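Visitor: I would like to learn how to read the features of a fold with some care. Could we go through them together?

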Amino acid sequence: MSDHMTALVTGANKGIGYEIAAGLGALGWKVGVGARDPQRRDAAVEKLRAGGADAFGVPLDVTDDASVAAAARLFEDEIGRLDVLVNNAGVTGGMPQEPTLVAPETVRTAVETNVIGVIRVTNALLPLLRRSSSPRIVNMSSRVGSLTLQTTPGGETGPISAAYSASKTFLNAVTVQYAKELQDTNILINAGCPGFTATDLNGFRGVRTPEQGAAIAIQLATLPDDGPTGGFFEDAGVVPW
């Protein structure tokens, strides 16, 4: 078994996911770069290694049972445990997203990756996380999933979205349920909001850099043993549900 802290970051070949992997790598961690596309995954690993990170590729499609099971076997065979899982992979689902116009398939696509994918990956890796002395799970959410902010007049919660925003609300609820089930363990699980970050998910309209967006995930991945669990956080602190 490796003595290095080891993490798996899903959707880590670009954007926020890549910067999360880079940030954990800079701490001396061994980082699995989870991604579907082999060329982009290999390029990300090569770039991370060039920057000094101990990175390796993990073929991973969070919507596919066999792919997720194979990723779990890779960690089992090569490392024997997992210290941190960052569920970062996400999609918008497509357009339009106004509830009167959205296609059911658009909602289904968003939920399949942003919620069911998180459950699929988390449950597959949980046996390995239980072997860690300080296991952490970070679910990358968004302020647009906050019902409080969505119902606050003048709140900055982006455009009307019956798929993406709702999937993040769903993810927040699932995060709380995991925390309740795991409350008697040493596993800390939290949701993190990267802020309005410029990525291809929003056409690079965001005002924050991917590195800035990754900061909350790194913070939650490295919480002390007495840190919070079942919470929703951004750089400024707690995000209201």
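Predicted model: local features only at pLDDT ≥ 70, side-chain atom pairs only at ≥ 80, totals over all residues.

Visitor: What span should the 26 residues of helix α4 have, and how far apart are its end C-alpha atoms?

Guide: Helix α4 covers residues 104-129, and at 1.5 Å a residue it should span 38 Å; the end C-alpha atoms are 35 Å apart, which agrees with that expectation.

Visitor: In what order do the eight strands form the sheet, and which are the edge strands?

Guide: In general, strands of a sheet pair through backbone hydrogen bonds, either parallel or antiparallel. Here the eight strands form an open sheet whose order is β3-β2-β1-β4-β5-β6-β7-β8, with mixed pairing. The edge strands, β3 and β8 (237-238), each pair on one side only.

Visitor: How many bridges join strand β1 to strand β4, and do the two run parallel or antiparallel?

Guide: Strand β1 (residues 6-9) and strand β4 (residues 84-87) run parallel and are joined by three bridges. Leu8, for its part, has Leu85 in β4 as its bridge partner.

Visitor: How many aromatic pairs does the structure hold, and why is the pair of Phe56 and Phe75 described as tilted?

Guide: In general, a pair of aromatic rings is described by the distance of the centres and the angle of the planes. The structure holds two aromatic pairs. In that of Phe56 and Phe75, the ring centres are 5.5 Å apart and the planes lie at 55°, between the limits of 30 and 60 degrees, so the pair counts as tilted. This pair links distant parts of the chain, 19 residues apart, with Phe56 in strand β3 (residues 54-59) and Phe75 in helix α3 (residues 65-78).

Visitor: Are Phe56 and Phe75 buried or exposed?

Guide: Phe56 is buried, with a relative accessible area of 12%, and Phe75 is buried as well, at 0%.

Visitor: What are the centre-to-centre distance and the angle between the planes for Phe232 and Trp241?

Guide: Phe232 and Trp241 form a stacked pair, 5.5 Å centre to centre with 25° between the planes. Phe232 is buried, with a relative accessible area of 1%, whereas Trp241, at 38% relative accessibility, counts as partly exposed.

Conventions:
Residues numbered from 1 in each chain as written. Heavy atoms only, no water. Phe/Tyr/Trp six-rings, centres within 6.5 Å; stacked < 30°, edge-to-face > 60°. Helix = DSSP H or I, 4+ residues; strand = E, 2+ residues; numbered from the N terminus. Buried < 20%, exposed > 50% of the residue type's maximum accessible area, 1.4 Å probe, protein only. Pairing = 2+ DSSP bridges. Expected span 1.5 Å × (residues − 1).
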